[in-house]
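Here is a walk through the contacts between chains. Keep the model open as you read.

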Amino acid sequence: MIDVIITGDVLKTIAKAMVALVSEARFHFKEEGFHSRAVDPANVAMVIVEVPADGFEAYTVEAEEEEEVIGVDVNRVHDISKTIKSKELVEIKVEDSEMVVKFGSVQYSVQLIDPSAIRKEPKVPNLELPAKVVMDAGEFKKVIQAADKISDHVVFRSDDTGFYIEAKGDVDRIEFHMSEAELIEFNKAVARSMFSVEYLKEFVKVAGSGDLLTIYLGTNYPVRLVFDVCDGKAKVEYILAPRIEE
Amino acid sequence: MIDVIITGDVLKTIAKAMVALVSEARFHFKEEGFHSRAVDPANVAMVIVEVPADGFEAYTVEAEEEEEVIGVDVNRVHDISKTIKSKELVEIKVEDSEMVVKFGSVQYSVQLIDPSAIRKEPKVPNLELPAKVVMDAGEFKKVIQAADKISDHVVFRSDDTGFYIEAKGDVDRIEFHMSEAELIEFNKAVARSMFSVEYLKEFVKVAGSGDLLTIYLGTNYPVRLVFDVCDGKAKVEYILAPRIEE
Amino acid sequence: MIDVIITGDVLKTIAKAMVALVSEARFHFKEEGFHSRAVDPANVAMVIVEVPADGFEAYTVEAEEEEEVIGVDVNRVHDISKTIKSKELVEIKVEDSEMVVKFGSVQYSVQLIDPSAIRKEPKVPNLELPAKVVMDAGEFKKVIQAADKISDHVVFRSDDTGFYIEAKGDVDRIEFHMSEAELIEFNKAVARSMFSVEYLKEFVKVAGSGDLLTIYLGTNYPVRLVFDVCDGKAKVEYILAPRIEE
């Protein structure tokens, strides 16, 4: 039995985060909270969404086993979430083979998908990433959107002079630089990897100005981007494989 | 002789209301006020717009007969009305075969159409509709727009538990429900009819949050939707034929 | 050596003004300030942009000759300027064959173009234009945008009753009229010329409500439109050839 109440912003975030990579996903409800995890069809990126029980306004989950797992059409939930305001309260109930999403005087009933028909969740890889950068997620979003206009890949790099994002077009270049003093947290480790802007521009959609982003970076190695969103009520993590520079 | 002054919002409403169904219409100016009426080419819906003389800021109509009737290209008036602000004062004058629309330092001259070349206005049918529902028009608008995403028809129904709007997609459903306590007025009568969302989504364009909507509903029978808009200065009524459920 | 600081609104204005007519331009930096000038490929219109040194927040130009001249891809600068806020400070530095545009933590490097590869600037014609009209640029913009919907040319005319802008569609007409009392300045001279709306609608993009526009008008003769924008920090002048009325 699942019967929870959530604010619109958290539901919107869950939907946006998952829809960036997949169209169907398994939603897990445990006693301690909600999580979902998926890998994109090309196996280039992974998303992990977590909302602890206290990120909900009300959270009643009675699982027969350790958790309740449902299969969800993420596109549908994304469509519905667009019609909900950020501060609106939304009740989500799972009944028979339906997820009922209720807000105001409106209630949507969305058919569930058999979880076993959805691609198996990946294991979260254990990555050793030397550099740690904490910055405003809205600032990061702006840079990625600007880079998208001139190139299809960006370089993230860090050393003791700060953290850099660089993109090179055919004739133009863009460089973003923040020193340790301008960053919220920075361990000055040396790292450098290149990534696809196609993916990054989808990821930043969950981020707003004022949200915290923690970047874990290595050299020619995947990056972990951890977004703290909705005033800390939800966490969205992306792991993205590097593109190898020629 | 017609020479009236109207606020931008009222002119915009008249234009939006008519353009939902027709591209040409007869505008009637009587001593007691303005009205226009039209049926869409498919004979599925009728619109009736009324602005009493005191809904105008100034109203001078000197008719040779009981009323002055002009033929108007509704699309043109709609285009012009988009460039006018809601609170702007607009003078409308009919001179020779032109309608002159004047606001600020700008004046449009729109050629009139011979009223006899425009399809004859329908008689307003006398409908016995048991259920009466009064609610916020903005709320109704939101539900119709949501329903439009999953289906091309909706069911309106009422009984002593309240008023319902329901739409069923291939796999999903949406249900809107308001009890007597949540509605502004409700007579608890039993009724149920199905309607095309194509039409309804055009109708709701005249409505804003805070406007009053009165719904008169029967069973497998046309519905009357009466929108009180522009702070009561104008009334837009739609009559829509039902679609018969299989 | 060029190293200047400018507010976002001024950079946006320079970019918008030039991009209305050309995709490449020569930017001149003299001791007393910046200017650029260009003619469109059809030789119908000329643009002149001027920002005096005190329109910059900081202005360091050390020219070997009388001035520094660089060749600029105006489309690129326009794209970049869209990502900058009006009040943001922007540093522009010319280094080697690059123009570096820096704001916040972001820096764009744009390849320069050899100025000798860009079409030679025209001489500014010496025009005797009897009528002078000063009005709000935002008001002018609204009229041009309205005229654009019904015709591809407009007539500007003036006499002792005021200044007029007129457009005639197939069936409809629009007339804008301001008397001497409604205009900021007006010398009541008689003049009348017709112009292409295609050009005018591009020109008005630099203008906002509250900006000052001075119009110098003759009879079947080019018009000069001088826009004072960005709180007087920049001046954009367009000279547009007339279309001869049949």
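**Where the chains meet**

In this predicted model, 10 residues of chain A are in contact with 12 residues of chain B. Contact here means that the C-beta atoms of two residues, placed from the backbone, lie within 7 Å. Two elements of chain A, α2 (74-82) and β9 (106-111), each give two or more residues to the side that touches chain B. The largest share, six residues, comes from β9(A). Helices (H or I, at least four residues) and strands (E, at least two) are DSSP runs, numbered from the N terminus. By class, this side of chain A has three nonpolar, five polar and two charged residues. Ala, Val, Leu, Ile, Met, Phe, Trp, Tyr, Cys and Pro count as nonpolar; Asp, Glu, Lys and Arg count as charged; the others, Gly among them, count as polar.

Now look at the strands. β9(A) runs antiparallel to β13 (residues 173-178) of chain B, and four bridges join them. Two strands pair if DSSP finds at least two bridges between them. Ser109(A) stands opposite Arg173(B) in β13(B).

Turn to chains C and A. This contact takes 10 residues from chain C and 13 residues from chain A. On the chain C side, α2 (74-82) and β9 (106-111) each give two or more residues. β9(C) provides the largest share, six residues. Four bridges join β13 (residues 173-178) of chain A to β9(C), and the two strands run antiparallel. Here Ile174(A) stands opposite Tyr108(C).

Residues are numbered from 1 along each chain as its sequence is written, and chains are lettered from A and ligands numbered from 1 in the order in which they are written. As this is a predicted model, local features need pLDDT of at least 70, side-chain atom pairs count only at pLDDT 80 or more, and totals for chains, interfaces and linings use all residues.
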